[in-house]
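Okay, everyone, thanks for coming. Have a look at this one with me, and I'll talk you through a couple of spots.

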Amino acid sequence: MLDPSEILEAASAKWPAVLRGEATGESLFPLQIPFGKPRGTDDFGVLRREIAALMSTAAAWCIEWDEIRTRKWGIQRLPARITFACVEDMAKTLHRSEELQRFREALQLAREKCPKLEPWLRARAHRIPEYLDEWSGLVDVCAFFDSNPEPRCFARQIPVAVHTKFIEDHTGVLRELLDVVIGDRVNGGSESFAGRFHLLIDPPQVRFRFLDEALRAEVGWPVSDCSVPAPIFARLEWKIPRLIVVENRDVFACLPQIPRTLAVFGSGKAASLLPPCGWMNSADVLYWGDCDEAGYGILSALRAHFPMLRSVLMDEMSWARWRHLAVPGKRDSTAQHDHLNASERVALKAVLAGPWMLEQERIPALEAERALLSAALLPKVASADCMPKFSEEKSLGAGGGT
């Protein structure tokens, strides 16, 4: 037989269903809470103490009793059922009376201000208590989108009486709500919240730096180090002989002067920002990232779009030389590694064994500079060992990201 605290836990587990019933008008009351039955082998002293504890619990439940003839104890009056007569009694027992009242007010508010939320209310009303303090703002935002399904403004410009970061802070639940409110008017082709609900966003920036002043003058660009929106960077029609993509800002800022070379700061986003840059296909592209599962994933993704791309300090020999500088790393289940060459795969396998992370800025600057200059002096057509070998076994084991 469950003790009172366990009975309360069982009642709490039914509370979400009770709230959904409130939203749909389907009452679950009187509601019985299973609590187990005493067994004939139970110690009678223990059983008496359990029954006493049950009877002394300050709870608004009803205990129904049965008289049972037992071989061991004779006729005994034992608890048979515990029932809540109404939702108010259950809320009082669970110390949720205020929550219940606010929940009912939240339901009424949503139905008055944004009736199109009804399907969500009927299916997920039990989640409203998570957002009681923000519920009025959430409903107001939904009502605005119902009237303006394609606002074409920034989220902070929406004329609703909430703080300017309200939508940004609640994109998770708002995505659920707005999917119901807007329906087939959402932009299903966009994965971002802003794109899905027709909001404006600042485009991501690409920072680049000329490592050769003569090259900068040749293309007619006014500054050597700057950032531009990614779509503008993609539309450039430059004839750049060589690009070096690095992920770390400090490494990017300290790159040496290299003839005929443009450096690009990837900042962990190179795999998504650079593929649209068709003009890069005519360049010799070098990539230097962290030696961890995510870094090799970025390398592989870039090489899928730029097949002649070469990595720097991410091969087997580089890992063997600098692995003493690695620290415990993290797994990245989203990373794919289909476009690594044999040497990079060996290094990745060693990285996954930790997992480890060799951050690019840990490699001594002078040694890194030598490796970059050496790679830059190689001809554009890479050697066979630098190209992907697709006959290699693609899987590096469970969770290898391939």
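**A glutamine and a helix pair**

So, Gln 360 counts as buried because its relative accessibility is 1%, where buried means under 20% relative accessible area with a 1.4 Å probe and protein chains only. Before I go on: this is a predicted model, local features need pLDDT of at least 70, side-chain atom pairs count only at pLDDT 80 or more, and totals for chains, interfaces and linings use all residues. Residues are numbered from 1 along each chain as its sequence is written, and side-chain values use heavy atoms, with hydrogens and water left out.

Where does Gln 360 sit? In the loop between β11 (356-357) and α17 (365-377); helices here are DSSP runs of H or I with at least four residues, strands are runs of E with at least two, and numbering goes from the N terminus. Its side chain reaches the backbone nitrogen of Asn 248 at 2.7 Å. A polar atom of that Gln 360 side chain also lies 3.0 Å from the backbone nitrogen of Glu 247. Leaving aside neighbours within four places in sequence, Gln 360 is in contact (heavy atoms within 4.5 Å) with residues including Val 251, Trp 288 and Asp 290.

Now over to the helices. α14 (residues 293-305) and α16 (residues 342-353) pack at about 155°, axes 10 Å apart; the axes are lines fitted to C-alpha atoms over the stretch in contact, and angles run from 0 to 180 degrees between N-to-C directions. That's therefore roughly antiparallel for α14 and α16, meaning over 145 degrees. On the α14 side, the contact includes Tyr 296 and Arg 303, and on the α16 side, Leu 348 and Val 351 are among the residues.

Conventions
Buried means under 20% relative accessible area, exposed over 50%, partly exposed in between (1.4 Å probe, protein chains only). A polar contact is a pair of N or O atoms within 3.5 Å; within protein, one must be able to donate a hydrogen and the other to accept it, and residues adjacent in sequence count only if both atoms are side-chain atoms. Angles under 35 degrees count as roughly parallel, over 145 as roughly antiparallel, 65 to 115 as roughly perpendicular and the rest as oblique.
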